Amino acid sequence: MRLLVTGGAGFIGSALVRQVVRETGAPLLNLDKLTYAGDLDAVAEVAGHPAYRFAQVDLADTEAVRAAVESFAPTAIVHLAAETHVDRSIDDPAAFIQSNIVGTFNLLEAAHAYWRALPDDQRAAFRLLHVSTDEVYGALGAEGAFAEDSPYQPNSPYSASKAAADHLVRAWHHTYGLPTLITNCSNNFGPYQYPEKLIPLMIRAALAGQPLPVYGQGRQVRDWLYVEDHVRALLTVLERGKPGETYVVGGRNERPNIEVVEAICDLLDELLPDASHAPHRRLISFVPDRPGHDQRYAIDPSKLMDELGWRPREGFQSGLLKTVRWYLEHPEWGHGALAAGRLGLGWARSGRAGA
């Protein structure tokens with residue numbers, strides 16, 4: 001295997017890079033633009049490995065993408081590079097269109113041209129895996145779960161841009177024969193996550209004794225997946241998945257957001273019993289909800305489990321304990337991020353509300 005990973009300095013991408021290089025030693029090229037959420041510290045442990053290479057490439061740069069693909073000559077591509085934060089997409093949707101849609105198009109074009117020129121046996125073995133989100137399916141009611149045949153109903157600029165990327169990947173398979181795969185995953189958590197996301201945001205704020213802002217009443221339900229389990233799922237799909245197919249990935253760990261925050265507080269009470277601001281639950285505060293906030297996501301990963309044999313190794317509580325401990329051991333991670341305060345309200349401040 002020669003693996004090209006886009007977005008390999010991001011949260012999920014860096015976990016994939018670390019695991020592949022550490023466990024297989026396969027040649028790997030990490031393409032990353034190094035935006036605010038990309039950090040080479042997340043791959044520092046493998047940076048000196050002879051199998052690892054890095055190139056700072058913006059997927060909007062058509063020629064740079066094409067040159068990287070052709071010069072590295074991968075046997076597989078895992079496409080993780082994306083703008084991912086819903087609140088940011090509310091304030092600045094244009095960045096999401098450029099990165100998630102145009103960037104995916106450029107990668108598909110480069111991969112298609114490269115793949116067509118391969119010898120027959122290498123063409124048959126090549127794979128491109130596009131990593132997406134369950135948010136493309138919209139919101140669920142109190143019952144049910146998303147599966148591979150769920151209809152697309154994206155409700156935010158972020159999820160709409162990822163849905164568009166999914167459709168492009170599907171079209172390049174059905175129109176041109178490019179051997180693509182798509183995964184749609186639930187909420188990830190674990191080490192090295194950028195601190196604008198719920199779990200690292202709450203851990204960091206709690207450690208500083210700051211308020212823990214919970215949207216609405218915190219009853220929004222998410223299905224949580226430990227990032228290393230997600231990486232194992234991606235490698236399973238890459239190895240055993242059928243081109244043209246979609247696989248949804250979830251840990252079957254549904255939790256309302258308020259229960260996630262309370263679990264973090266309780267772990268910090270246990271691990272830091274002498275903290276001046278313990279018990280940490282007293283730091284919880286409720287803030288106005290995000291515009292258009294989806295109320296519930298859940299994933300049914302039966303296809304991935306039954307057909308490809310993947311199983312998560314971490315439950316929510318065991319994964320959360322590992323995560324909290326990691327952030328306690330790495331207090332410098334994400335230091336200074338989000339200094340500008342809450343995101344996702346720029347539409348109101350700019351006078352675009354209701355537009």
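**Exercise 1.** Decide whether R88 is buried, partly exposed or exposed.

Solution. Begin with the cut-offs: buried means under 20% relative accessible area, exposed over 50%, and partly exposed in between (1.4 Å probe, protein chains only). R88 has a relative accessible area of 22%, so R88 is partly exposed.

Before going on, note that this is a predicted model, where local features need pLDDT of at least 70 and side-chain atom pairs count only at pLDDT 80 or more, while totals for chains, interfaces and linings use all residues. Residues are numbered from 1 along each chain as its sequence is written, and side-chain values use heavy atoms, with hydrogens and water left out.

**Exercise 2.** Find the salt-bridge partner of R88 and state where both residues lie.

Solution. Step one is the definition: a salt bridge is a side-chain nitrogen of Lys or Arg within 4 Å of a carboxyl oxygen of Asp or Glu. The partner is E196, with the closest N and O atoms 2.6 Å apart. Step two is location, for which helices (H or I, at least four residues) and strands (E, at least two) are DSSP runs, numbered from the N terminus. R88 sits in helix α3 (residues 86-91) and E196 in the loop between β7 and α7 (198-207), so the pair links distant parts of the chain, 108 residues apart. Step three is accessibility: E196 has a relative accessible area of 7%, so E196 is buried.

**Exercise 3.** Describe the salt bridge between D58 and K33, and say which parts of the chain the pair ties together.

Solution. The two side chains meet at 3.5 Å, N to O. D58 belongs to the loop between β3 (52-56) and α2 (62-72), and K33 to the loop between β2 (28-32) and β3, so the pair ties together parts that are 25 residues apart in sequence. D58, at 30% relative accessible area, is partly exposed; K33, at 43%, is partly exposed. The whole structure holds 10 salt bridges, and E262, D266 and R281 are linked in a network of them.

**Exercise 4.** Characterise R252 by its salt bridge, its location and its phi angle.

Solution. The side chain of R252 meets that of D300 in a salt bridge (3.1 Å, N to O). R252 lies in the loop between β10 and β11. Phi of R252 is near 55 degrees, a positive value in a residue other than glycine. R252 has a relative accessible area of 47%, so R252 is partly exposed.

**Exercise 5.** Give the strand order of the open sheet of 3 strands and explain which strands stand at the edges.

Solution. Two strands pair if DSSP finds at least two bridges between them. The order is β7-β9-β11, with mixed pairing. β7 (187-189) and β11 (254-256) each have a single partner strand, so one side of each is left without a neighbour in the sheet. The twist averages 50 degrees from one strand to the next; axes are lines fitted to C-alpha atoms, for helices over the stretch in contact, and angles run from 0 to 180 degrees between N-to-C directions. β7 and β9 (residues 221-226) run parallel and are joined by 3 bridges. F189 stands opposite Y226 in β9.

**Exercise 6.** Which residues does S14 touch, not counting residues up to four places away in sequence?

Solution. Contact means heavy atoms within 4.5 Å. S14, in helix α1 (residues 11-24), touches G7, G8, A9, A42, V43 and Y192. S14 has 0% relative accessibility, so S14 counts as buried.
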